[in-house]
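Colleague: I'm new to this one. Could you walk me through how to read it?

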Amino acid sequence: GHSRLTVVTGRRRIGKTSLIMKAVEDLPTVYLFVGRKNEATLCAEFIPNISQSLNTFVPREIQTFRSLFQYLMELATVRSFNLVIDEFQEFYNINESVYSDMQNIWDSYRQKTKMNLIVSGSIYTLMQKIFQSKEPLFGRADNIIKLSVFDLSTLKKIMHDYRPGYINDDLLALYTFTGGIPKYVELFCDNNMLSVDEMISFMVRENSPFTDEGKNLLIEEFGKNYATYFSILSAISGGINTQPEIEAALGDKSIGGATQTAY
């Protein structure tokens, strides 16, 4: 009867976007990916996408997401559609006031519109901060879905489909190397690398998609101070495990509460 907001969270590569787009398949849907760009540039990219997806006119003069979101909410007073905003947490790096602007507009229009707003993000700490702490959008989500990895029974079914003659060591290797992350499982399956030796060879080969995955994940979670956190982890891995020793290893740099995060 009125607009609803669903939040989909989960770590990178777990299939948030795939699940969302499957759910809204064949329905009027606007998909917006929030990249790390200037706000006006993002809006310039969003406008033709919205216009084409909903077959409607959108003023090209709009240069702020606040104005664009309000325009979409006004459109939702006369028609129903899905609005998917992917990597929603990136507005922290672009214009943090977007969240309070959206809250004001959502509260004003929610009861008189029919928009199915779905937002997703892969940096769990930021998504949790946006919707589960005292931030502008706190309490606005009608549903929060945290996607989990494939469990062992699901991995068994996948192995049975792609390698019917698998042995227990193959299944253990798939579980160990992927942790049940769908994208990693997909990489092994698509490349038909599902024995222990094949999986190891695929992971360590030159230009393997697995090579930089851990580093990239940590960079996203640690944010702009990732270099300091990486140095702390490097020190810990070398046996330096007290705060004074770590600070000395970092050139007497005060790390304050950073050590607790690293541990």
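**A cavity and a helix pair**

Modeller: Searching the whole structure turns up one cavity of 30 Å³ or more. This is a predicted model, where local features need pLDDT of at least 70 and side-chain atom pairs count only at pLDDT 80 or more, while totals for chains, interfaces and linings use all residues. Residues are numbered from 1 along each chain as its sequence is written, and side-chain values use heavy atoms, leaving out hydrogens and water.

Colleague: What is a cavity, and which residues line the largest cavity?

Modeller: On a 1 Å grid over the protein atoms alone, a cavity is a set of points where a 1.4 Å probe fits but cannot get out, and lining residues have an atom within 4 Å of a point. Here the lining is Leu5, Phe69, Phe88, Met102, Trp106, Leu117, Val119, Phe131 and Leu137. By class that's nine nonpolar, no polar and no charged residues. The space inside is about 40 Å³, a volume being what is filled by probe spheres set on the points.

Colleague: At what angle do the axes of α8 and α9 cross?

Modeller: Axes are lines fitted to C-alpha atoms, over the stretch in contact for helices, and angles run from 0 to 180 degrees between N-to-C directions. The axes of α8 (residues 168-178) and α9 (residues 182-190) cross at roughly 135° and come within 9 Å. That makes α8 oblique to α9, oblique being what is left after under 35 degrees (roughly parallel), over 145 (roughly antiparallel) and 65 to 115 (roughly perpendicular).

Colleague: Which residues meet there?

Modeller: With contact meaning heavy atoms within 4.5 Å, Leu174, Phe177 and Thr178 in α8 meet Tyr184, Val185 and Phe188 in α9.

How values were computed: Helix = DSSP H or I, 4+ residues; strand = E, 2+ residues; numbered from the N terminus. 1 Å grid on protein atoms, 1.4 Å probe; cavity = no way out; pocket = protein on both sides within 12 Å on 5 of 7 lines; lining within 4 Å. Nonpolar A, V, L, I, M, F, W, Y, C, P; charged D, E, K, R; others polar.
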